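Trainee: May we examine this model together, beginning with the interior and moving on to the surface?

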Amino acid sequence: MGKYIIKRVIMAVITIFVVATLTFFLMNAVPGGPYEAEKSISPAAKAALEAKFGLDQPLFKQYITYMKNILHGDFGPSLKQRGRNVIDIILTKFPVSAKIGGISVLVALIVGIPLGCIAALNRGKIGDSAIIVISTIGIAIPSFVVCSLSMYIFGVKLKWLPTMGLKTWKNYIMPVFALSFYPTAYIVRLMRSSMLDVMGQDYMRTARAKGVSQFFSLFKHALRNAILPVVTYVGPMMAYTLTGSFIIEKVFTIPGLGGEFVSSITNRDYMMIMGTTIFLASLMVVMNVIVDIVYKIIDPRINLK
């Protein structure tokens with residue numbers, strides 16, 4: 001286990017290095033610059049700003065300087081939000097996005113796993129068919145459509161829920177529902193197919209032949225093996241909830257990292273774009289390593305190499 005973790009950490013560092021390198025050169029390959037949209041700025045002021053932030057230096061020298069700063073945890077200053085560093089913006093805004101994403105992941109797991117088990121136990125019945133239809137709709141409909149529909153129905157027509165900000169617990173209902181709808185539906189389908197496969201195994205038939213109750217055999221034997229594909233999906237689900245929350249934050253006017261990231265793209269704020277991308281990539285890599293370790297804990301038969 002120790003050797004595997006060390007190997008994954010080395011691979012994670014390489015992955016983050018590649019992401020940082022690609023992001024840097026791709027952003028600098030885009031025509032224009034962070035000060036092109038500022039109509040009133042003079043050429044002398046533009047040159048002074050570029051010299052201040054090192055944008056007038058050769059591209060490779062900028063790259064070396066930026067990579068050295070990253071090693072010290074410095075993502076540089078924002079080119080648009082004067083006087084603010086990128087790392088400060090990320091640390092201020094990310095907790096809001098992480099809270100919505102974390103709640104959405106918990107909702108998806110708490111709702112999706114039991115519904116998948118119920119659908120498998122009632123295979124071919126009305127309950128199974130209803131769950132399959134709802135989960136198929138959840139997979140097919142994009143999150144921004146769910147946002148618009150829920151906002152129109154519950155916010156505008158019924159006026160049950162607020163549609164902006166995060167002032168009270170009611171403000172979390174629609175964003176969490178919109179963000180967790182797809183992963184919940186996917187987990188239901190994944191859990192159902194996995195549970196059906198496990199329930200047909202020899203050890204499950206042996207347990208039932210020995211008189212073990214259906215409830216005990218389900219949660220003692222079947223669930224532990226059937227949940228492995230769901231554990232594997234947790235890593236990509238984390239990525240979906242973090243990146244998917246960007247759109248939802250815009251729709252519901254939530255002051256999270258998503259709004260800052262989208263604004264940095266439209267404003268050509270290179271430092272903010274690169275810092276956010278590297279931060280999210282690092283987070284995803286760490287989450288995938290944790291998922292692999294949890295996978296081993298759940299099923300000791302797995303040999304990690």
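This is a predicted model: local features need pLDDT of at least 70, side-chain atom pairs count only at pLDDT 80 or more; totals for chains, interfaces and linings use all residues.

**Core, contacts and surface**

Trainee: Which residues have the most contacts inside the largest nonpolar core?
Mentor: A nonpolar core is a set of buried Ala, Val, Leu, Ile, Met, Phe, Trp, Tyr and Cys residues joined through side-chain atoms within 4.5 Å. Buried means under 20% relative accessible area, exposed means over 50%, and partly exposed lies in between (1.4 Å probe, protein chains only). The largest such core has 26 residues, and those with the most contacts inside it are Tyr-66, Ile-90, Phe-94 and Leu-280.

Trainee: Which element gives the largest share of this core?
Mentor: The elements that give two or more residues to the core are H1, helix H3 (59–71), H4, helix H10 (228–251), helix H11 (257–266) and H12. Helices (H or I, at least four residues) and strands (E, at least two) are DSSP runs, numbered from the N terminus. The largest share, 9 residues, comes from H12.

Trainee: What percentage of the residues in the protein is buried?
Mentor: In soluble globular proteins, nonpolar side chains tend to be buried together. The protein here has 305 residues, and the buried part of them is 40%.

Trainee: How many residues apart in sequence are the parts that Phe-94 and Phe-279 tie together?
Mentor: Rings of Phe, Tyr and Trp (its six-membered ring) pair if their centres lie within 6.5 Å; planes under 30 degrees apart count as stacked, over 60 as edge-to-face and the rest as tilted. By this rule there are 10 aromatic pairs, and the pair of Phe-94 and Phe-279 is edge-to-face, at 4.9 Å centre to centre and 80 degrees between the planes. Both residues are buried. Phe-94 lies in helix H4 (residues 86–121) and Phe-279 in helix H12 (residues 270–298), so the pair ties together parts whose separation in sequence is 185 residues.

Trainee: What distance separates the C-alpha atoms of Ala-281 and Val-19?
Mentor: Ala-281 is found in helix H12, and it counts as buried because its relative accessibility is 18%. Along the chain, Ala-281 and Val-19 are 262 residues apart, yet the separation of their C-alpha atoms is 7.4 Å.

Trainee: Is Asp-128 buried or exposed?
Mentor: The relative accessible area of Asp-128 is 2%. Because that value is under 20%, Asp-128 is buried.

Trainee: Which residues of H1 are buried?
Mentor: H1 has 28 residues and reaches 41 Å from its first C-alpha to its last, close to the 40 Å expected at 1.5 Å a residue; the expected span is 1.5 Å times one less than the number of residues. Its buried residues are Tyr-4, Arg-8, Ala-12, Ala-20, Thr-21, Thr-23, Phe-24 and Met-27.

Trainee: Is Leu-26 buried or exposed?
Mentor: Leu-26 has its place in helix H1 (residues 2–29). Its relative accessibility is 58%, and therefore Leu-26 counts as exposed.

Trainee: What is the value of phi for Lys-159?
Mentor: Most residues other than glycine have a negative phi. Lys-159 is in the loop between helix H6 (143–157) and H7, and at 64% relative accessibility it counts as exposed. Although Lys-159 is not a glycine, its phi is positive, at about 55 degrees.

Note on methods:
Residues are numbered from 1 along each chain as its sequence is written. Side-chain values use heavy atoms; hydrogens and water are left out.
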